[in-house]
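Dear colleague,

Please find the structure below for your use. My findings follow directly after it.

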Amino acid sequence: MSQAETEEGGDFVLLVSSDGYKFSISRKAAMVSGTLQRMFEGAGLESQSNRVILKDINGVLLEKVCEYLCYNLKHQNNPGNIPEFEIPPEMALELLVASDFLDV
Amino acid sequence: MRPPRNRDSADVNFDDSWNVLSTAMQEMYKKNASRLSYEELYRTAYTLVLKKHAEKLYNAFKSFVAQHLRDMVANELAPLASNTANSLSADGLGSTVAVPLATADQREAGIRFLKAVKVQWDDHCLCMRMISDILMYMDRVYCKELQLPLIYDAGLALFRDHVIRNKEFQVGEHIYAVILNQIRLQRDGDLVDTSAIKAAVLMLESLTEDKIDGETVYSRSFEPKFLRSSTEFYVAEAAKISRECLSGQYLVETEKRLKEEHERAMTYLSVSTEPKIISIVEETMITKNIIAVMHSEKSGINQMILNERMDDLQRLYRLVARVDPEKTDLRNSLMTRVTQQGTEINRDALEDLKKPERAKGVSAQNAATMTAFKWVEAVLGLKERYDRILNDTMDGDNKVQTSLTKAFSTFINQMSRCSEFLSLFIDDNLKKGLKGKTEEEAEAVLDRAITLFRYIDDKDVFETYYKSHLAKRLLGGRSISDDVERMMITKLKMEVGFSFTTKLEGMFKDMKVSRDMTEEYKTYSQEHDSDRRTELSVSVLTSTNWPVSLSSGEQSSSSTCVYPSEIEHVKRSFEKFYVDRHSGRVLTWKPNMGNADLRATFKKRKYGLNVSTYAMVILTLFNDVADGDALSFEEIRAATSISEPELVRNLQSLAVVPNTRVLLKEPMSKDIKPTDRFSVNVNFESHYLKIKIPTVAYINKTETEKERKETVDKVDELRRYQTDAAIVRIMKARKTLEHNILVAEVTSQLSSRFHPDASLIKKRIDAMLEREYIERSSDNRQVYNYLA
């Protein structure tokens with residue numbers, strides 16, 4: 001995962017946190033989230049700009065979310081042998097709320 | 001995952017949020033969705049649900065969409081429909097009379113209406129998808145929990161209730177009417193826009209009914225209407241076609257309709273409708289009408305058979321097979337037809353027989369042979385024709401075949417002389433018909449005969465005839481080939497088993513043994529009697545194997561004669577020879593079956609004559625008579641002691657038949673009278689050196705009638721023995737048996753040979769009781785006990 005500032009690009013989408021951090025992640029990884037999928041595949045603004053501002057999620061949290069999306073995508077298709085996904089305890093609650101919002 | 005509840009402290013104002021959402025929804029309907037931020041809307045809805053406003057949101061959503069749809073119908077669809085309403089509303093709203101033909105305008109209006117509905121439907125679906133995306137969180141948390149329909153499904157239900165079943169303007173009814181109208185037009189041969197209909201049908205199919213699993217608006221509302229109007233259409237159609245067209249055409253039309261309906265259902269109606277509409281067509285066009293079509297005077301099944309309309313018959317079979325696996329009607333029609341044709345053949349044959357001698361020189365027997373030949377050929381022709389029909393058009397259907405077999409068997413056995421005819425047919429073929437044919441061809445002819453043989457119930461009658469014909473063939477040396485004879489016997493054996501043919505085979509054996517014996521005797525006689533002038537060839541027949549009239553002693557009075565001394569000498573010599581080898585056997589001579597080769601000297605030249613034994617005896621008498629002298633009938637009879645009818649026959653052939661007149665008769669007339677005198681025709685001439693003088697057949701028709709009666713009596717007698725034997729066999733095995741069961745068992749045992757009637761069996765049972773083979777049980781008069 002990179003924190004590159006590149007906006008748009010067919011295979012990448014840009015996630016913007018409430019405090020303005022931008023995360024570019026692969027479209028595939030974003031599709032792991034039901035909410036993000038609808039955003040980018042629906043008919044709204046987001047699908048045209050390939051960019052979404054998530055007003056409820058701050059930068060630190062969004063980084064962890066992106067990390068999880070990629071982690072999920074990577075291990076989607078191989079059962080067993082999946083390394084533990086580490087979650088700092090202080091972030092657990094917020095992450096839980098975010099995941100509910102994003103339908104992960 | 002459930003979110004923690006205590007996180008967001010700030011309460012939200014439902015109205016404000018709903019405002020945001022409903023505005024967005026309106027934008028979506030206006031196709032402005034691309035200007036909306038999904039994230040914002042989703043977050044708004046998410047927050048509302050989180051704050052327990054889900055129920056309110058759900059209801060608000062529903063009333064918003066309902067209102068929108070109602071407005072849409074009123075503004076967009078109703079005005080369009082009003083064009084078509086005049087012609088359609090009558091049908092759409094309950095009336096089921098065939099849709100009146102719409103004008104071109106109205107038709108197009110109908111299609112336009114369908115298209116408009118389709119546009120609205122597509123829009124609606126799209127919007128519902130977007131809204132359901134926005135309200136996804138509510139779907140997940142609220143709807144699933146309370147088992148309410150998801151947003152999307154709720155949206156479709158709203159479309160159903162507020163558009164299709166809109167109370168003020170029945171969009172649905174209009175759609176149905178338009179579709180039915182279009183289908184009607186297509187059935188009448190117009191081109192219609194199937195894609196518009198297909199779209200409408202798809203829409204109706206995706207609208208499910210609440211609370212009923214698997215039911216859709218299509219299956220609940222449209223399909224019944226469609227089936228009802230189709231039924232009406234086809235009832236009328238069937239009546240129309242059967243009135244206007246020939247049966248063949250009717251079948252073509254029916255198949256065409258079936259195909260059309262199948263295609264219609266597959267292309268733009270539902271797959272699930274296909275079997276229903278097909279069964280309607282089958283019911284109205286086939287089940288209710290096919291009998292009338294089949295029995296049509298000028299074009300029904302009989303005509304099809306007559307004209308070999310194989311296509312039509314095949315079609316008929318296919319259609320009938322669709323509705324009735326038993327094909328009862330078809331089978332009955334065929335049976336009636338076969339029986340009818342068979343009865344005609346029988347009648348023709350009987351009439352042929354009744355006709356007086358047709359041409360001169362055709363004896364009654366030849367006439368009978370010809371009739372038999374004609375009859376057999378006609379029956380086989382009929383059989384082959386129906387076989388062809390069966391195999392070419394009905395896939396050799398088993399049930400139809402059974403019926404045909406039954407029909408054939410019925411009419412063949414109605415013909416009282418079927419066995420005799422068949423045997424005559426075979427006789428004729430074996431005597432001359434098969435001459436010069438290859439083995440395969442001969443086998444084919446025999447196979448045909450066997451085909452017919454299978455149908456004959458009274459196989460024992462056939463056996464009797466066959467035996468007497470075979471005997472004549474063998475003794476007269478008139479069979480064209482032993483191989484073919486044997487082939488026939490083998491075929492018979494395969495059909496009815498060993499016991500049937502033992503005697504026939506015995507006859508062959510006798511012939512073979514006789515040939516060997518003749519050879520042996522030749523050597524023997526050369527040793528013992530070197531100056532003999534006569535050669536002898538004998539056939540020694542086992543009396544039980546050969547037909548009674550040939551071998552039993554009952555006719556001994558009529559078959560003796562005084563042989564000339566040379567012959568008598570040879571006869572004694574052979575008798576001695578035979579008895580030396582087989583002591584204890586009795587030889588009876590049968591001059592009526594024999595023949596002799598003579599050399600006779602006439603004025604012009606010498607001729608070799610082949611004549612019957614009797615004729616030979618008569619002719620040798622003239623050896624001792626001076627040229628020009630004559631012998632009277634009485635004298636001849638006294639000298640030879642040949643019975644009168646035989647003498648008459650032989651004299652006729654010697655003195656009356658024009659080309660072989662070796663004797664002269666005084667006075668010259670056709671009939672032989674006891675007062676006639678005979679002398680040698682010294683001026684006899686012929687083109688050939690060797691002349692066969694056949695014995696004149698019994699010209700008297702009453703004679704053949706008598707023969708027939710004898711045959712029948714003989715058969716009856718045989719049947720009595722066989723029935724007795726069967727009764728004893730069964731009773732011996734079962735010891736005690738009830739009357740009815742005994743009768744049934746006897747019938748089944750005998751059925752391979754003939755069909756015994758109950759009265760015969762009953763009589764035989766009585767006879768067996770009398771002869772104390774069995775007794776009535778003392779407890780039950782209906783039960784018999786076997787007496788050892």
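In this predicted model, A:Glu94 is partly exposed, because its relative accessibility is 39%, between the 20% limit for buried and the 50% limit for exposed residues. The residue belongs to helix α5 of chain A. Leaving aside neighbours within four places in sequence, A:Glu94 is in contact with A:Asn58 and A:Leu61. From A:Glu94 to A:Ile57 the C-alpha distance is 8.7 Å, although 37 residues separate the two in sequence.

Helix α5 of chain A spans residues 92–102, and its buried residues include A:Leu95, A:Val97, A:Ala98 and A:Phe101. Both chains contribute to their cover: α2 (34–41) and α4 (59–75) of chain A are included, as are α2 (38–50) and α5 (136–146) of chain B. After α5(A) comes A:Asp103, which has a positive phi near 55°.

B:Glu420 is found in helix α18 of chain B, residues 418–433. B:Glu420 counts as buried because its relative accessible area is 10%, under the 20% cut-off. Residues up to four places away in sequence not counted, B:Glu420 touches B:Tyr465, B:His469 and B:Arg708.

As to confidence, the average pLDDT of chain A is 80, and 90% of the residues score at least 70. Residues 1–9 of chain A have a pLDDT below 50, yet this stretch has 14 contacts in the model beyond near neighbours in sequence. Where pLDDT is low, predicted coordinates should not be read in detail.

With kind regards

Notes
Residues numbered from 1 in each chain as written. Chains lettered and ligands numbered in written order. Predicted model: local features only at pLDDT ≥ 70, side-chain atom pairs only at ≥ 80, totals over all residues. Heavy atoms only, no water. Buried < 20%, exposed > 50% of the residue type's maximum accessible area, 1.4 Å probe, protein only. Helix = DSSP H or I, 4+ residues; strand = E, 2+ residues; numbered from the N terminus. Contact = heavy atoms within 4.5 Å. pLDDT = per-residue confidence, 0-100.
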